[in-house]
Amino acid sequence: MSPEFNLIQQYFTRPTRHTNLGVGDDAALISLSAGMELAISADMLVAGTHFFADCDAEQLGWKSLAVNISDMAAMGANAKWATLAIALPDINHPWLAAFSQGFFACADAFNVDLIGGDTTRGPLTISVQMMGEVPAGLAIKRSGAKIGDDIWVSGQLGGAAIGLAHLQKKLQLESDVLQTSLAALHSPTPRAALGVALRSVATSCIDISDGLLADLGHILKASNVGATLNLADIPCHDFLRNRINETEFQQYVLAGGEDYELCFTAPSHTRHAVLDIAQRLNLSVTRIGNTSNNIDLRALDNAQLPITLSHKGFDHFAN
């Protein structure tokens, strides 16, 4: 057996739960449940762009799958199948053991089967394709927001961004803040159960990967609506609220990215339903503004005065 197939057999072949034929053939075979549509997404993580080349391999394994499960959550889909294509500078067995351990820990936590993929030599690059099921007609799209909808976010924003800033020596974080921020950066928790529960109430949804402003902007553009945000209502760590200035708040909370929380819209009459879902899931959700018939995105400070938004979000092709 070739080194490539030995690698696949040793590190990436596991029993599957809801797959007819998985790793080992030219293609996998899956069957959709009755009345379901197939949701598909793909994501690429490149060393030096999305993660440090010397980062913890087990955490990277978790994150490489988690960010794709987050895409399924944003559509209201149950993540079920993944493929993994990985380019490696060389065969490093301790690294592969740790990476696969983190990857399959995430797969087990969210009931996902790895059903195929590819390996090759090259700069460290991890590409995951994710597939899931959603009842026909019930997928939550970016284009469904209506004028007057509430805008919500799950969890807290900005933690991953300040963790990255600490590693880049742009911020100095105390140990308690550092621990939670690095966990947010390296081991995000996709809001899978929330996404499924929101099928009944959300009019649109997106996961926050490139920053709140950038990702909410995708909803606004697709739905042809504007929005007003109340900055005082945006949930974040106390460090971000109390110890940085307005410019840094925008940079880390509004545009930092890597949060993998859900931003969604819902009619105002569903507020109790949204809060009931959050309570049932033991997850915080916060109403941070509303959609409007404006053509832009406005933000209000604590005195309800407009502020200038200078940071938009991460752009893969920005200089």
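This section describes a predicted model in terms of its strand pairing, helix packing and aromatic pairs.

An open sheet is formed by four strands, arranged in the order S1-S4-S2-S3 with mixed pairing. The edge positions are taken by strand S1 (36–46) and strand S3 (113–121); each has a single partner strand, so one side of each is left without a neighbour in the sheet. On average, neighbouring strands of this sheet are turned by 15 degrees against each other, with direction ignored. Strand S2, which spans residues 78–88, pairs with S3 in the parallel sense, and eight bridges join the two. Within S3, glycine 117 stands opposite leucine 84.

Two helices lie across strands of this sheet. Helix H2, residues 57–74, lies across S1, S2 and strand S4 (125–135). The angle between H2 and S4 is about 35 degrees. Helix H3, residues 93–109, lies across S2, S3 and S4 and runs at about 165 degrees to S2.

H2 and H3 also contact each other. Their axes come within 6 Å and cross at roughly 35 degrees, and the crossing of H2 past H3 is right-handed. On the H2 side, the contact residues are Ala57, Glu58, Leu60, Gly61, Trp62, Ser64, Leu65, Ala66 and Ile69. On the H3 side, they are Trp95, Ala98, Phe99, Gln101, Gly102, Phe103, Ala105, Cys106, Ala107 and Ala109. Sorted by class, the contact of H2 with H3 comprises 14 nonpolar, four polar and one charged residues.

Strand S7 (residues 226–230) has five of its five residues buried, so this strand is largely enclosed by the rest of the structure. In a regular strand, side chains alternate between the two faces of the sheet. In S7, Gly226, Thr228 and Asn230 point one way, whereas Ala227 and Leu229 point the other way, and all are buried. S7 pairs with strand S9 (residues 285–292) through four bridges, and these two strands run antiparallel. Strand S10 (residues 297–300) pairs with S7 in the parallel sense, also over four bridges. Alanine 227 takes part in both pairings: its bridge partner in S9 is threonine 291, and its bridge partner in S10 is leucine 297.

The count of aromatic pairs comes to five. For tryptophan 62 and phenylalanine 110, the ring centres are 6.3 Å apart and the planes are at 65 degrees, so the pair is edge-to-face. Tryptophan 62 lies in helix H2 and phenylalanine 110 in the loop between H3 and S3, so this pair ties together parts that are 48 residues apart in sequence. Tryptophan 152 and phenylalanine 264 form a stacked pair, with 6.2 Å from centre to centre and 5 degrees between the planes. Tryptophan 152 belongs to strand S5 (residues 150–154) and phenylalanine 264 to strand S8 (residues 262–266), so the pair ties together parts that are 112 residues apart in sequence. Tryptophan 152 and phenylalanine 264 are both buried.

Definitions and conventions: Residues numbered from 1 in each chain as written. Predicted model: local features only at pLDDT ≥ 70, side-chain atom pairs only at ≥ 80, totals over all residues. Heavy atoms only, no water. Pairing = 2+ DSSP bridges. Axes fitted to C-alpha atoms, helices over the stretch in contact; angles between N-to-C directions. Contact = heavy atoms within 4.5 Å. Buried < 20%, exposed > 50% of the residue type's maximum accessible area, 1.4 Å probe, protein only. Phe/Tyr/Trp six-rings, centres within 6.5 Å; stacked < 30°, edge-to-face > 60°. Left-handed = near helix turned anticlockwise from the far one by under 90°. Nonpolar A, V, L, I, M, F, W, Y, C, P; charged D, E, K, R; others polar.
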